[in-house]
Amino acid sequence: GLTKNHISSIVLMQSFIISSIASIVAIILSALILYIEKTYHFIKIPNDIYFMDYLAIEISFFSFIIYPLSAILINSLFICVPLKRIFNIELSESLRYE
């Protein structure tokens, strides 16, 4: 008994929540890995080829903001395509073949 607007708002909200949680987890994990690498230098590179023996890390907080926000935006845009296809399916037609 829900309207198309209610269904689309529910699906968009769930998509936003899932992508936000995934972005937060990705930010935490990547910050942790970058901090560990910057502190302990566990990624070694050949000293005879390069001028240092570990991988140099530069932590950019701009990247921690812009990439997750763009991932959330892209996910919200791409969820609109399945929503349009769902609304074009007739319920009686789909139940006929079940």
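**Helices and how they pack**

Student: What relative accessibility does Ile 66 have in this model?

Tutor: Ile 66 counts as partly exposed, the class between buried (under 20% relative accessible area) and exposed (over 50%), with a 1.4 Å probe and protein chains only. This is a predicted model, in which local features need pLDDT of at least 70 and side-chain atom pairs count only at pLDDT 80 or more, while totals for chains, interfaces and linings use all residues. Residues are numbered from 1 along each chain as its sequence is written, and side-chain values use heavy atoms, with hydrogens and water left out. For Ile 66, the relative accessibility behind the partly exposed class is 37%.

Student: How far from Ile 21 is Ile 66 in space, C-alpha to C-alpha?

Tutor: Ile 66 is found in helix H2, where a helix is a DSSP run (H or I) of at least four residues, numbered from the N terminus. In sequence, Ile 66 and Ile 21 are 45 residues apart, and the C-alpha to C-alpha separation in space is 16 Å.

Student: Which residues of H2 are buried, and which helix do they pack against?

Tutor: H2 covers residues 61-78, and its 18 residues reach 26 Å from first C-alpha to last, close to the 26 Å expected at 1.5 Å a residue, the expected span being 1.5 Å times one less than the number of residues. The buried residues are Phe 64, Pro 68 and Ile 72, and, seen down the axis of H2, they fall within an arc of 45° (taken from the directions from the helix axis to the C-beta atoms), so they line one face of the helix. These buried residues pack against helix H1.

Student: Are H1 and H2 roughly parallel or antiparallel to each other?

Tutor: Among the residues that meet (heavy atoms within 4.5 Å) are Phe 16, Ile 27 and Leu 34 in H1, with Phe 64, Pro 68 and Ile 72 among those in H2. The axes, which are lines fitted to C-alpha atoms over the stretch in contact, with angles running from 0 to 180 degrees between N-to-C directions, lie 9 Å apart at an angle of about 155°. Angles under 35 degrees count as roughly parallel, over 145 as roughly antiparallel, 65 to 115 as roughly perpendicular and the rest as oblique. H1 and H2 are therefore roughly antiparallel.

Student: At what angle do the axes of H1 and H3 cross?

Tutor: The contact is made by Lys 4, Ile 7, Ser 8, Val 11 and Leu 12 of H1 and by Cys 80, Leu 83 and Phe 87 of H3. H1 and H3 are therefore roughly antiparallel to each other, for their axes come within 11 Å and cross at roughly 150°.

Student: What is the value of phi at His 41?

Tutor: H1, with 37 residues, reaches 53 Å from its first C-alpha to its last, and His 41 follows H1, in the loop between H1 and H2. Most residues other than glycine have a negative phi. At His 41, phi is positive, near 50°.

Terms used
Helices (H or I, at least four residues) and strands (E, at least two) are DSSP runs, numbered from the N terminus.
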